[in-house]
Amino acid sequence: MLVNATAMLQAAVKGHYGIAAFNTNDLEWTRSILLAAEELQSPVIIQCTRGAANWQQGFKVVKDVVEDLVDYMKITVPVAMHLDHGTYEDCFEAIDAGFTSIMYDGSHEPTFEINMERTAEIVKLCHSKGISVEAEVGGIGGVEDGVASNGELADPQECKAIADLGVDFLACGIGNIHGLYPADWAGLSMDRLAEIKALTGDLPLVLHGGTGIPTAMVQEAITNGVAKINVNTDLQVVMARATREFIESGKDLEGKNYDPRKLLKPGFDAIVKRAKELIVDFGSDGKGWA
Ligand SMILES: [Zn+2]
């Protein structure tokens, strides 16, 4: 059974650990994430952007695959099915598809007031259905699904205003960037994180762009209130690297290794291994129903 992400993230805030939110791209990707989470007895959030949902033929297919795999694999840890960076319209579609958690990203709306209004509307609808809601204040740097925004430090007062709408967790820019970080990246602003935390209390905060931030820096952010860490690029990179190694070594030409179950296995094994490393880094191993 899928759950919403509220209880697991509130427990993470209290316990000072973080929960990984891994983006999925297909059935095998989801299976790899679930294998890692179950083996380490960690709660997990599986999330999906509009782009990845289009690739998988729609939000409902994604949610059905996650739900059916949780059932078939006899997964015992809490699993939430989360919409990543939903537009206003995406939210309604994902809600209809049965997602248990929604991110409405109003940071691209023309004004902060529109972000506020729409966040309030989505919170009301989602809470009537037991669905958790993530909102966003300020843009996250980099490019995601073709939408670019300048990296910025979220305004703490705007964070408080959005938090007061009753959102369950909040994404706020603290210098983080989607995708791979440039060599001259300034790092996360722990000062801004502390200012936001001071105004938002126990509200779980979300760190987007979790690929390539030094482990100690992520752990410091977790200590300071981050409870959900979004990881997408990292797993894509290890999957691509393992597949490249398999092919460059010529192993794809041996026997029946053209079979996708053999050809793609090293890549998916690499996802399981890396997801487990991140779960341990974030400290959610053994916290299944904490
Ligand atoms: Zn993001």
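**Close-up views of a predicted model**

**View 1. The largest nonpolar core.** The largest nonpolar core of this predicted model holds 81 residues. Ile19, Ala20, Val44, Ile102 and Leu170 have the most contacts inside this core. Helix H12, residues 265-282, supplies the largest share, with 7 residues.

**View 2. Val44 and its partners.** Val44 is one of the residues with the most contacts inside the largest nonpolar core. Neighbours within four places in sequence are left aside here. Val44 then touches Ile19, Ala20 and Phe22, among others. Its contacts also include Ile33, Ala37, Val77 and Val79. Ile19 and Ala20 are themselves among the residues with the most contacts inside the core.

**View 3. Cys126 in helix H6.** Cys126 belongs to helix H6, which spans residues 112-128. Is Cys126 buried or exposed? Cys126 is buried, because 23 other C-beta atoms lie within 10 Å and 20 or more are needed. Apart from neighbours within four places in sequence, Cys126 is in contact with Ile95, Ile102, Ile131, Ser132 and Val133. Of these, Ile102 is also listed among the residues with the most contacts inside the largest core. Ala194 gives a sense of scale. Cys126 and Ala194 stand 68 residues apart in sequence, and their C-alpha atoms are 29 Å apart in space.

**View 4. Helix H2 against helix H12.** Helix H2 covers residues 27-39, and its axis comes within 8 Å of the axis of H12. The two axes cross at roughly 40°. H2 is therefore oblique to H12. The crossing of H2 past H12 is right-handed. From H2, the contact draws on Glu28, Trp29, Ser32, Ile33, Leu35, Ala36, Ala37 and Glu39. H12 brings Phe268, Ile271, Val272, Ala275, Lys276 and Ile279. By class, this contact has 10 nonpolar, 1 polar and 3 charged residues.

**View 5. Helix H10 against helix H12.** Helix H10 runs over residues 233-248. Its axis and that of H12 come within 8 Å and cross at roughly 140°. On the H10 side stand Asp234, Leu235, Val238, Met239, Ala242, Thr243, Glu245 and Phe246. They meet Pro266, Gly267, Asp269, Ala270, Ile271, Arg274 and Ala275 of H12. The classes here are 9 nonpolar, 2 polar and 4 charged residues. Ile271 and Ala275 of H12 also take part in the contact with H2.

**View 6. Helix H4 against helix H5.** Helix H4, residues 59-72, packs on helix H5, residues 88-97. Their axes are 8 Å apart, at an angle of about 40°. H4 is therefore oblique to H5. The pair crosses in a right-handed way. Phe59, Lys60 and Lys63 of H4 meet Glu93, Ala94 and Ala97 of H5. This contact has 3 nonpolar, no polar and 3 charged residues.

View 7. Gln57 sits in the loop between helix H3 (50-55) and H4. Its phi is near 70°, a positive value in a residue other than glycine. Gln57 is exposed, because it has 9 C-beta neighbours inside 10 Å and the limit is 12 or fewer. Lys74 lies in the loop between H4 and strand S3 (79-86). Lys74 is not a glycine either, yet has a positive phi of about 55°. With 7 other C-beta atoms within 10 Å, Lys74 is exposed.

Technical notes. Residues are numbered from 1 along each chain as its sequence is written. This is a predicted model: local features need pLDDT of at least 70, side-chain atom pairs count only at pLDDT 80 or more; totals for chains, interfaces and linings use all residues. A nonpolar core is a set of buried Ala, Val, Leu, Ile, Met, Phe, Trp, Tyr and Cys residues joined through C-beta atoms within 7 Å. Helices (H or I, at least four residues) and strands (E, at least two) are DSSP runs, numbered from the N terminus. Two residues are in contact if their C-beta atoms, placed from the backbone, lie within 7 Å. Axes are lines fitted to C-alpha atoms, for helices over the stretch in contact, and angles run from 0 to 180 degrees between N-to-C directions. Ala, Val, Leu, Ile, Met, Phe, Trp, Tyr, Cys and Pro count as nonpolar, Asp, Glu, Lys and Arg as charged, and the others, Gly among them, as polar. Angles under 35 degrees count as roughly parallel, over 145 as roughly antiparallel, 65 to 115 as roughly perpendicular and the rest as oblique. A crossing is left-handed if the near helix is turned anticlockwise from the far one by less than a right angle, and right-handed if clockwise.
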